[in-house]
Amino acid sequence: MSTSAKSVIYRCSWADGDSLMQDYHDCEWGVPEYDSRALWEKLMLDGFQAGLSWSIILRKREAFRKAFKNFEPEKVARFGSAEVRRLLGDPGIVRSRAKIEATISGARAFLAMQEAGLGFSEFVWGLAGGKPIQNTGKIPTQTPLSVEMSKALRARGFKFVGPVIVYAWMQAVGIVNDHSVSCFRRKAVQKQRIR
């Protein structure tokens, strides 16, 4: 660190040392998301992360978007065996049959909710009490809310939505603010518009 008058920026430790992770942290992570399609896309990507690091998924995100038709549920729900074979051959994404099929079934579950008159955003934010949770304690890997949300999502047909995956997703989409107390983004995220 130089001794010049530059101000020091403190961020969550997981975002240090990698410019892509820093940009993600500084611009996206923890910002409350209310768009149903964007929430669903991020949940599907978190499902692909299972057993891997988020940086792998983040580096492949644009390839995922291309492969999954920009995560338009109406398009993904129509994928059949030919599309599954195509995706299994795509080196730009994580080529897990179970995760690919979970994304297709997730699109169908998303649309079934819509057809029943329940928006995905309304559903998940309703479970969370309608506003971001400001965590001030130790950062857990799961909470009673992520367990409840996991069960509710599974009951609707979603897969790769265990409580740990769901909690990571809740952090990413701003349902919970887990920026460390010294992180420069913590207060900025707290001030984000609440619907």
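Select W40, F48, F64, F68, F71, F79, F110, F120, F158 and W169: together they form one aromatic cluster. Rings of Phe, Tyr and Trp (its six-membered ring) are paired here if their centres lie within 6.5 Å; planes under 30 degrees apart count as stacked, over 60 as edge-to-face and the rest as tilted. The model is predicted, so local features need pLDDT of at least 70 and side-chain atom pairs count only at pLDDT 80 or more, while totals for chains, interfaces and linings use all residues. Residues are numbered from 1 along each chain as its sequence is written, and side-chain values use heavy atoms, with hydrogens and water left out.

## Aromatic pairs

A pair of aromatic rings is described by the distance of the centres and the angle of the planes. The whole structure holds 14 aromatic pairs. Start with F48 and F64: the ring centres are 4.6 Å apart and the planes stand at 55°, so the pair is tilted. F48 belongs to helix α2 and F64 to helix α3, so the contact ties together parts that are 16 residues apart in sequence. Helices here are DSSP runs (H or I, at least four residues), as are strands (E, at least two), numbered from the N terminus.

Buried or exposed: which applies to F48? F48 is buried, with a relative accessible area of 0%, and F64 is buried with a relative accessible area of 0%. Buried means under 20% relative accessible area, exposed over 50% and partly exposed in between (1.4 Å probe, protein chains only).

Next, select F68 and F71. Their ring centres are 5.4 Å apart with planes at 20°, so this pair is stacked. F68 is buried at a relative accessible area of 0%, and F71 is buried at 0%.

## Two positive phi angles

Most residues other than glycine have a negative phi, and most peptide bonds are trans. Move to N70, whose phi is near 60°, a positive value in a residue other than glycine. N70 sits in the loop between α3 and α4 and counts as partly exposed, at 40% relative accessibility.

Then go to F160, in the loop between α8 (144–155) and α9 (163–172). The phi of F160 is near 60°, again a positive value in a residue other than glycine. With 30% relative accessibility, F160 counts as partly exposed.

## The positive patch

Return to the loop between α3 (54–67) and α4 (73–76), and select K69 there. K69 is partly exposed, with a relative accessible area of 40%.

From K66, draw a distance to K42: the two C-alpha atoms are separated by 15 Å, and the residues are 24 apart along the chain.

## Salt bridges

K42 lies in helix α2. The K42 side chain meets that of E33 in a salt bridge (3.7 Å, N to O). A salt bridge is a side-chain nitrogen of Lys or Arg within 4 Å of a carboxyl oxygen of Asp or Glu. By this rule the count comes to eight. Both K42 and E33 are buried, K42 at 17% relative accessibility.

Stay in helix α2 (residues 36–49) and select R37 and E41, which are four residues apart and so separated by about one helical turn. These two form a salt bridge, with the closest N and O atoms 2.9 Å apart. R37 is partly exposed at 22% relative accessibility, whereas E41 is buried with a relative accessible area of 3%.

The last stop is R11 and D26. How far apart are the closest N and O atoms of this salt bridge? The distance is 2.7 Å. The pair links distant parts of the chain, with R11 in the segment before α1 (19–27) and D26 in helix α1, 15 residues apart. R11 counts as buried at 16% relative accessibility, and D26 is buried with a relative accessible area of 19%.
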